[in-house]
Amino acid sequence: MEQFTGKVWVLGDDIDTDIIIPTEYLALKTIEDMKQYGFSPLRPELAAQIQPGDIIVAGKNFGCGSSREQAPEVIKALGIRCIIAGSFARIFFRNSINNGLLLIEQNDLHDYVQEGDTVTVTVNQDVDHNGQKFPIASLPENLVEIINAGGLVKAMRRRNGLAE
Amino acid sequence: MGMTIAEKIIALAAGVPAVKAGDIHTVTLDRMMSNDGTTHLTVDMYRNKLNHPRIADPQKMVFIVDHNVPSDSPKTAASQKKMRDFARENGIDFWEGKGVCHQIMMENYVCPGELIFGADSHTCTYGALGAFGTGVGCTDLLYGMVTGTSWVLVPETVKFNLTGKLPEGVYPRDLMLSIIGQIGANGVNYQVMEFTGDGAKTLSVNDRMVLCNLAVEAGAKTAIFEADEIALEYLAARGRKPKAVFKSDEDAVYQREYTFDLSRIQPVAARPDFVDDVVPVKEVCGVRIDEAFLGSCSNGRIDDLRVGAAIVKGKKVADHVRFLVVPASQEVYLQALDEGLISIFMESGAIVMNPNCSVCWGSCQGVIGENEVLISTGTRNFKGRAGHPSSRVYLGSAATVAASAVKGEICTAEML
Amino acid sequence: MGQTIIEKIISHNIGAESVKPGDIVTVQVDRVMLDDIMIPFIVAKFEEMGFPQVWDADKVVLIYDHLVPASQQDDTRHYKIGDAFAEKYGIQNLHRSDGICHQLMTEAGYVKPGDAVFGTDSHTTTYGCVGAFSTGIGYTEMAAILGTGTLWVKVPETIRVQIDGKLPEGVMSKDVILRLIGDLGADGATYRCLEFTGSAVEQMTVSSRMTMANMAIEAGAKCAVFTPDEKTAEYCGIQLDDFQKSLTGDSDAVYAQTLIYQAEDFEPVMACPSQVDKIRSVKELEGTIIDQVFIGSCTNGRLEDLKVAADVLKGKKVADFVKLIVTPASRKVYEEAAAQGILKTLAEAGAIITHPGCGLCCGRTGGILSDGERVVATNNRNFLGRMGTSKVEIYLASPATAAACAAAGRIVSAGQEA
C-alpha cells in the first residue's frame, strides 16, 4: 500500500478557486509563472513557504468556485503531495484527478491537526496523526483508471496510439 | 509693440500691461486640471512634503479620472481612491468615468482668455476656445494648487495661416498630421502655434480641438485660435462667458509664419513610431491591422463618431479586427446614442466602450499584443504606447480608421 | 419507477430506459463552450493528446469574453490561439466580442432543452434555464471531449426546489437563489442537481431562470434544471418535441431532498463578504456606505436586469463619489437596451456603460477596487480578492437593490433610495 509522510498546512472551509489562483493571474503563460500567486488573497506568503511533499489539510468544500484547472495545477506545481479536506467541490475534484493530484476526503482530521504537524497517509486506508488513525475511503474504479494511466492526457494519448 | 493672443493672456494673468517672448512672469492661474495619471503623486507630495499645506482655491481645481476607467488593477484602484478621497475632503470638482479630461474641461470649464494648467501634455487642447492651456508636471501642479500661481516663460509665437477649405473626405486630423509632418516633432519647441486665417473660420470648435490637441506633438507649449463668433457660440450654448476675448495685434511679433492651403490637404497617416513620420494614406494601404481605435481627446467627438458610423453603416468589421469605439465623454456618448450612431457601431461588430482614454495611452482597454498593428485616432504612436513593445501604431483620421476596420487593412474611406 | 429531469436527460442521451443516481455513464456531448481564458490550455492539451481532428466542429463554440477588451499585453495571445485553432479545425462558431459566454450560448441558440452541454467555466450550469444538462469542466476534460465527443459523468442525485405563489414587488429571482444558497450552504448541493418547480418558477421569464441556474454552482451543484415550457420554446425559437415536453420530474421520482417555499415569503437579500451563502436581508444592512455598484455578468446583465435598474434610476443621479458600472451581458442586450432608451436613462443617471463582457465579475478589469472599499454587485461571487484586494468587501444583490444603492450611496432597499 502506497504510504507517504508530509508536513501540514492548515486551511479553513470553502477555500475557493479565486483564493487558490486569482483571475488576475490566469492569463499568465504557464503554471510556473502562476504558482507564486497561489493562495495570495488569503495568505500571500504561503506559496513561497510550501515545500515539495507538504500536505494541505482543509475543511469542507475545498476548491469551490470556478472550473479553472489552473487551481489544481498550481497546487501540484507548488509541490503539494495531496490535499485532505472534509469535502471537495466537484469540478475541482475532477480537475485534480485528471492532473494526478491526489485528493482525500476526511472529515475529522481538520479538527485535530495543527499547522506544522506531520501526518502519514496510507492511500485507500487512513491518515496517521501522532498515532491517531483517521480512516479514508477508496476511490471509485473509473477514477483509479485515470490515475493509473497517469492522468487524462496520457490516457487519451494511449487511446490515440501515441507513446506516453 | 503689439502682442499675440498668448502674450495677452499671460499679461492679463500676470497683472501687467504687456509681456514679450522670453520674459518670465508670475501668473495667477485661472484653473488647474489633474487626472488619474499623476494626481496620486501630487496628493502624496501635498501630504508628505509640505508643512501645513492648504489649497489656494479649491474652486479652481478639477480632478478627472479618465486614464484607467473602469480601473484594471488594485494599484490603479488605490491611486484613484486617493484622488477621490482628496477631492471629497477638499471640495474639489471630481469627475470619474465621464470622459477624457480635456473633453470634460472643454465641455464644462474652459473659457476664452483663461490661463490653465493641466497635469497632462494635451492640455494645449484648450486653445480651441482661445484659452492658454498647457501641460505641466505634478510638482508644478502642486505649486499652483497651493499658491494659486505659477511662473511662465513667455513663449514665442509661430503663426499658421490657414487658407481655403478642407476637401470632402479630408479632416482636421489629416491637416494637423500634415503640419506636424512638415515642421517635425520638435518643430515648434516651447513655442505657441497660433492658427489664423480664412481657413480657420471654416473649422468648428471641435475641429480646432484636433489641431490644438496635437500641437504638443510638434513640441508646442500650446496652440491657440482667436475666440471668434464660432467659439463664443460654443461657449454660450454651454452657459459660460469668456474671461477675455483677445485678437493678436497687427504688429504682434511672430517667430515665423507658415501658410497651409487646406484645399490641398489629403488623407494622411503617421507611421510607427513617430507622429511626424507622415505619409499619404495611399503609401501605407494594405498594411494588415489587428485593431482599430476611434476615440481619444484628439478624435473621440460626435463629429468623429458620425464620420465613422457613416462608413461602417450596414457593413461588418473585418473578422480579425477589433474595432474600438470610445466616445470622448458621456455627453458625446449620449448624443451618439440619440443619433443612433452607437447602434450602428454595435451592429457592425465594433467594441463600444465607456468614455475614457483607452488604448490611446495603452492602459486597461484594448491593449495590443506582440507584433500587433493598430490604426488609431489617438494622439501618439510612440513605440509600445498602445501595448507590447513590438506592436506598431499608425495614426489617421476617423474616416481612415473606420474604413481600415472594415477592410482589415489600412485604406482610405473612398477605397472601401 | 419515476425519474427526475436530469435522470430523463441522461437516460435519453445514452439510450437507456432509466438511470439512477450514482451510475457512472458516458454521455454523447451535444455542444461545448470554450472561453478565452482557457483556450491556450485547452489547445495545448488537445494537441498533446494527439487527436487528428475535432469530433464535430459544429458542436464547438469559442467565445472571447473574460479578456475583452484586452487589459494586458498578453491577452490578445489568447485570441490568436483561438483564431488559429478555429481555422485549423474548421470551427465556425466563434464570438470575439459579442458578450459573455453563457449569455451567448442560450441567446444565440447553441443550447436546446434536453441537450448535454459542457463548458470550461463553472457557470455553465446556466443552460439548465432551458432544460439542458450543462456543467463546468476543466481544460483537460474539454480537450478529451473535443477529441471523443463524450464525457463520463456520475448521475447526480436531485434536490427538488418547489416555489409556489407570487414573488412580492421588488423581489427578483436573484433574491430567491441567494436565499436558497444561504439555506443550502455553499456546499449544500455538491454533486447534486437542483430541479426548480412550482407556480412561481413557471411565471418567471427565461432570463430570471438563467439567474438561478447560473448560481446553482454557488451551492456546489453539478447542474440545475427547469422544465422547458412555452417560454423556453419561444426563447429557443423551437417547437418542443415529445422528449423535451417530457422533461418534468415524475411524481414518483426519487429526490435526495425536497425544499418547499412560498414565493410571498421571499424578500430582497444580499450575500455578504466574503461567502456566497452569508445571506442577510437588505433591511438589516441598510445604511452601510458603499463606493461602487456593478450591474452586469452572466447572472444579472440581461435586458430585464438593465430595465429594472433603469426604472429605479430614472430621473435620479448616482450618488456623488460613487461609481455605477453597467456591463450588459451581450451585444444583443446592449443593442436592445440602446433601442429601448434604457442605456440613455442609465447614462443620464451617471452610469459608466462598458462593452459587453465578463467585466468586473472576473476581476481582471472593469472596475477593480482597493483596500477598504465596498461594492454592491449583481454577479455571482463575492470571494475574497475577486474584485481587487482581499480588503474589498463585496455584497451580492439583485439589479433592483443594486440600482437603489447606487442612487443612495449606501445600502438601501429599492424604493428607499430617494
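In which strand of chain B does B:Ile24 lie?

## Model and strand β1 of chain B

B:Ile24 lies in strand β1 (residues 24-28) of chain B, where helices (H or I, at least four residues) and strands (E, at least two) are DSSP runs numbered from the N terminus. The model is predicted, so that local features need pLDDT of at least 70 and side-chain atom pairs count only at pLDDT 80 or more, while totals for chains, interfaces and linings use all residues. Residues are numbered from 1 along each chain as its sequence is written, and chains are lettered from A and ligands numbered from 1 in the order in which they are written.

B:Ile24 is exposed, because 10 other C-beta atoms lie within 10 Å (exposed means 12 or fewer such atoms, buried 20 or more, and partly exposed in between, with C-beta atoms placed from the backbone). Leaving aside residues up to four places away in sequence, B:Ile24 touches B:Trp151 and B:Leu153, contact being taken as C-beta atoms, placed from the backbone, within 7 Å.

## The sheet of chain C

In chain C, four strands make up an open sheet in the order β10-β9-β8-β11, with parallel pairing; two strands pair if DSSP finds at least two bridges between them. Since β10 (223-226) and β11 (257-262) of chain C stand at the edges with a single partner strand each, one side of each is left without a neighbour in the sheet. From one strand to the next the twist averages 20 degrees.

Strand β8 (residues 158-164) of chain C is joined to strand β9 (residues 193-197) of chain C by five bridges, and the bridge partner of C:Gln162 in β9(C) is C:Thr197. Helix α1 (residues 5-14) of chain C packs on the sheet, where it touches β8, β9 and β10 of chain C, and its direction makes about 100 degrees with that of β10(C) (axes are lines fitted to C-alpha atoms, for helices over the stretch in contact, and angles run from 0 to 180 degrees between N-to-C directions).

## Two helices of chain B

Helix α12 (residues 302-312) of chain B packs with α14(B) at an angle of about 45 degrees, their axes being 9 Å apart. That angle makes α12(B) oblique to α14(B), given that under 35 degrees counts as roughly parallel, over 145 as roughly antiparallel, 65 to 115 as roughly perpendicular and the rest as oblique. In this contact B:Leu305, B:Arg306, B:Ala309 and B:Val312 in α12(B) meet B:Leu341, B:Ile344, B:Phe345 and B:Ser348 in α14(B).

Technical notes
Two residues are in contact if their C-beta atoms, placed from the backbone, lie within 7 Å.
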